[in-house]
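Subject: Handover of a structure

Dear colleague,

Please find the structure below for your records. The findings follow directly after it.

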Amino acid sequence: MHLKRVKVVTDALDANATIARANRHDFDQASVTVINLMSSPGAGKTLLLERTLDEFDGPRVGVLEGDVQGSFDADRLARLHVPVTQINTDSGFGGECHLDANMVRSAIPSLPLNEIDLLIIENVGNLVCPAEFRVGEDMRVMVSSVTEGEDKPLKYPLMFRTCDLVLINKIDLLPHLDYDLDAFLHNLDLVHPDVPRMLVSARTGEGIEAWRDWLKHLPTHASALPVAATL
Ligand code: MG
Ligand code: ZN
């Protein structure tokens, strides 16, 4: 039983990787760079995107919003005149707590790929399985908020190891918390040495300009980026 179970999981991840490559091919063909934005629930991804995309003068951005149910976050982002597409994992995908390549593939016909240069996929809030499923992204960005504690890189190493940038959010709360930022950065370096990191507050706007600059300076032609490694 144990061996069989492992084989099933392996096959599922192999199938996911194949579909992720097909997604990546479609995004490359349309010259759309894709970011997979991941975090635990409540780390502030949606507020961060609201701050980031409000009067953004960088590449043309679209958002693919992943949630188990509802369109609360998509509705918030749609106010910014950014094209937003919603995936609900409970309709047809069994309420999965992550996006996988097949779910993103099902959304591709609804994405305005000819009208955008950058697609930000807001994954379902979860620090575990989103890390296991490539969806065809070029870059993975993680939001880790200071209310979550310093130990998270050690508890969820795959998530922290497979991302290309870590945004440390809610830094406006640091004076009110016992959070030890140096300890967090030390733990981060233990699992992913020297991964780029930025300190931000989506609430106050601190650090958001540096993150917006990072987005503006992403290679505009997706195929110029290294192909994401298969897990
Ligand atoms: Mg959200
Ligand atoms: Zn999941």
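Helices (H or I, at least four residues) and strands (E, at least two) are DSSP runs, numbered from the N terminus. The model is predicted, so local features need pLDDT of at least 70 and side-chain atom pairs count only at pLDDT 80 or more, while totals for chains, interfaces and linings use all residues. Residues are numbered from 1 along each chain as its sequence is written, chains are lettered from A and ligands numbered from 1 in the order in which they are written, and side-chain values use heavy atoms, with hydrogens and water left out.

I begin with the second largest pocket. A pocket is an open set of points on a 1 Å grid over the protein atoms alone, where a 1.4 Å probe fits, with protein on both sides within 12 Å along at least five of seven lines; lining residues have an atom within 4 Å of a point. The space in this pocket is about 180 Å³. Its lining has 14 residues, of which Pro41, Gly42, Lys45, Asp73 and Glu122 are the closest to its centre. Helix 2 and strand 2 (61-67) each give two or more residues to this lining, and strand 2 gives the most, with three.

Donors are N, O and S atoms within 2.8 Å of the metal (3.2 Å for Na, K and Ca); water is not among the atoms, so sites may look incomplete. Thr46 in helix 2 (residues 45-53) and Glu122 in strand 4 (residues 118-122) are 76 residues apart, and the pair links distant parts of the chain. Both Thr46 and Glu122 are buried (under 20% relative accessible area, with a 1.4 Å probe and protein chains only; exposed is over 50%, partly exposed in between).

The zinc ion (ligand 2) has Cys97 (SG), His98 (ND1) and Cys129 (SG) as its protein donors, at 2.0 to 2.2 Å. Their spacing is C-H-x30-C. His98 is buried at 5% relative accessibility, and Cys129 is buried at 14%.

Lastly, Asn36 is found in strand 1 and is buried, with a relative accessible area of 0%. Beyond its neighbours within four places in sequence, Asn36 is in contact (heavy atoms within 4.5 Å) with residues including Ile121, Asn123 and Phe133.

Yours sincerely

Notes
Points joined across faces, edges and corners; volume = space filled by probe spheres on them.
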